[in-house]
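The structure is shown first, and the description follows.

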Amino acid sequence: MTAHHDPAPSGWVLRLAPAPADAPGTPASSEPTLAEATDRLGRGPVAWAVLVGTGLARVIIREVPELGGGPAPFETLRMGTEAAVLRALLLLADPAADRTVPEESLLGDREFARRRVGLDKVLRGIRVAHAALARELMAACRERAAPEDCAEEFLRISELLFGFMDEFSSRMTTEYLTEHDRWLASGAAAREETVRAILDGQPVREDTARELLAYRLEGRHLALVAWCESPAAGAAGDLQRAAADLLHLRGCSSALILPTGRTTLWAWGDPQAPHPAEMPVGATYPEGFGFAFGSVRHGLTGFRQSHQDAQHAARVMRLNPGGTGPVVDYPDVELPALLSADLPALRRFTGDELGALAADSPHAEQLRRTLRLYLRNERSLMAAAAQLHVARNTVTYRVKRAQELLGHDLTARLPEVMAALEAARVLGPAVLLKENEAHEL
């Protein structure tokens with residue numbers, strides 16, 4: 001009987017590193033995971049794993065869109081793919097390394113269960129990642145291993161990944177089902193099902209729903225959609241506390257907060273005034289947190305409509321994260337939200353109406369802002385100058401230059417130009433043109 005011997009380590013793995021033109025970005029894994037991998041592999045292979053992990057997450061979402069859901073869910077998914085790449089490299093470099101499924105990967109699995117993403121979609125995502133990782137490893141091996149060793153190394157990569165992914169799928173399935181059962185038993189399932197039934201327009205008994213949710217449905221409602229970009233431990237609790245505090249600041253005496261994932265939640269409050277109070281000047285919020293408020297609406301229908309408004313505001317924030325700030329009210333972005341339902345069409349519309357003024361450049365942005373304030377102030381040069389804190393002659397010059405870049409008569413299409421200027425103000429690069437595109441107009 002022949003004794004089984006583990007294969008020799010794959011030395012080429014220790015020579016891995018991103019190409020000079022490829023920036024790996026910020027690692028998503030925990031500090032202990034990164035420290036262990038760096039000690040055993042070196043900085044180059046770890047940076048390579050970070051880059052490939054990000055690529056795998058993008059491939060998965062492209063092939064299985066249901067696993068996406070915004071920046072925060074992407075970071076959770078990226079944490080899992082990055083950890084899986086690191087574990088694969090550790091196994092190639094040391095056949096005796098621990099084959100346990102990384103905890104970072106299980107975090108994403110639990111979130112999929114809580115978000116009610118089907119298990120079939122989760123397993124398909126694993127298969128997509130398996131195929132993509134195999135391609136990346138074989139391409140890297142071809143570049144770094146001796147040509148005579150490639151055939152044996154390709155076989156080893158295939159066998160190792162097959163075994164690792166088989167165990168990975170089994171553990172992820174078990175964890176998914178466990179989390180799903182835990183969610184059902186917690187009472188959260190009944191609350192979420194009731195909320196989703198209301199949002200879907202299904203008939204519900206208001207008295208039963210009120211008792212289950214511990215929230216009145218017959219009054220005014222201010223909906224909130226909130227998320228955080230960090231999947232770190234404790235982020236979910238911080239997000240819930242921040243949401244509750246914001247609703248309280250808006251004059252809500254009670255609140256319904258419903259987590260919809262590790263880093264996302266829906267919430268509603270009952271504002272005591274027809275119009276909620278504005279946020280305090282200079283208020284600060286945790287880094288990477290986003291809060292999108294709906295409009296104040298009434299009754300069961302208003303509960304649903306305010307949430308829809310908040311979802312639209314959240315979409316606007318995600319289209320241009322740097323242009324809105326961490327807290328947005330739907331009434332402040334209503335027009336861009338409606339216009340951006342068809343983003344490619346809005347981008348064409350903005351280019352058609354603004355011409356070269358649609359360029360994504362600081363100079364064009366300055367001219368757009370001046371023209372927008374000039375028009376909103378009923379063409380008052382003095383009023384626009386006061387708001388911009390510049391001289392009247394400066395406004396005159398900018399308005400003249402802006403009208404030249406429009407390429408058509410402003411008066412003939414004033415509503416369209418105003419709509420395009422507002423879309424450009426709120427959505428920024430999502431609807432603007434690169435400078436070379438604008439010059440071609």
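In what follows, Ala, Val, Leu, Ile, Met, Phe, Trp, Tyr, Cys and Pro count as nonpolar, Asp, Glu, Lys and Arg as charged, and the others, Gly among them, as polar. The model is predicted.

Rolling a probe the size of a water molecule over the atoms shows where empty space is left. The count comes to one cavity of 30 Å³ or more. The volume of the largest cavity is about 230 Å³. Its lining consists of 20 residues, and Ile60, Leu77, Thr81, Phe168 and Met172 are the ones that lie nearest its centre. Two or more lining residues come from each of the elements α2 (43-63), α3 (71-93), α4 (103-114), α5 (119-144) and α6 (150-185). Divided by class, the lining of the largest cavity has 12 nonpolar, six polar and two charged residues.

**Helix pairs**

Two packed helices are described by the angle between their axes and the distance between the axes.

| Helix pair | Angle | Axis distance |
|---|---|---|
| α1 (residues 31-41) and α2 | about 130 degrees | 7 Å |
| α7 (residues 188-199) and α8 (residues 206-213) | about 135 degrees | 10 Å |
| α12 (residues 343-354) and α16 (residues 414-427) | about 120 degrees | 9 Å |

With an angle of about 120 degrees between their axes, α12 is therefore oblique to α16. The crossing of these two helices, α12 and α16, is left-handed. On the α12 side, Leu346, Phe349, Thr350, Glu353 and Leu354 take part, and they meet Glu416, Val417, Ala419, Ala420, Leu421, Ala423, Ala424 and Leu427 of α16. The contact of α12 with α16 comprises 10 nonpolar, one polar and two charged residues.

The angle between α1 and α2 is about 130 degrees, and the two helices are therefore oblique to each other. Helix α1 contributes Leu34, Ala37, Thr38 and Leu41 to the contact, while α2 contributes Arg43, Pro45 and Val46. The contact of α1 with α2 divides into five nonpolar, one polar and one charged residues. Helix α2 also gives two or more residues to the lining of the largest cavity.

For α7 and α8, the angle of about 135 degrees means that these helices are likewise oblique to each other. Their crossing is left-handed. Ala190, Arg191, Thr194, Val195 and Ile198 of α7 meet Ala209, Leu212 and Leu213 of α8. By class, six nonpolar, one polar and one charged residues form the contact of α7 with α8.

Key
Residues numbered from 1 in each chain as written. Predicted model: local features only at pLDDT ≥ 70, side-chain atom pairs only at ≥ 80, totals over all residues. Heavy atoms only, no water. 1 Å grid on protein atoms, 1.4 Å probe; cavity = no way out; pocket = protein on both sides within 12 Å on 5 of 7 lines; lining within 4 Å. Points joined across faces, edges and corners; volume = space filled by probe spheres on them. Helix = DSSP H or I, 4+ residues; strand = E, 2+ residues; numbered from the N terminus. Axes fitted to C-alpha atoms, helices over the stretch in contact; angles between N-to-C directions. Parallel < 35°, antiparallel > 145°, perpendicular 65-115°, else oblique. Contact = heavy atoms within 4.5 Å. Left-handed = near helix turned anticlockwise from the far one by under 90°.
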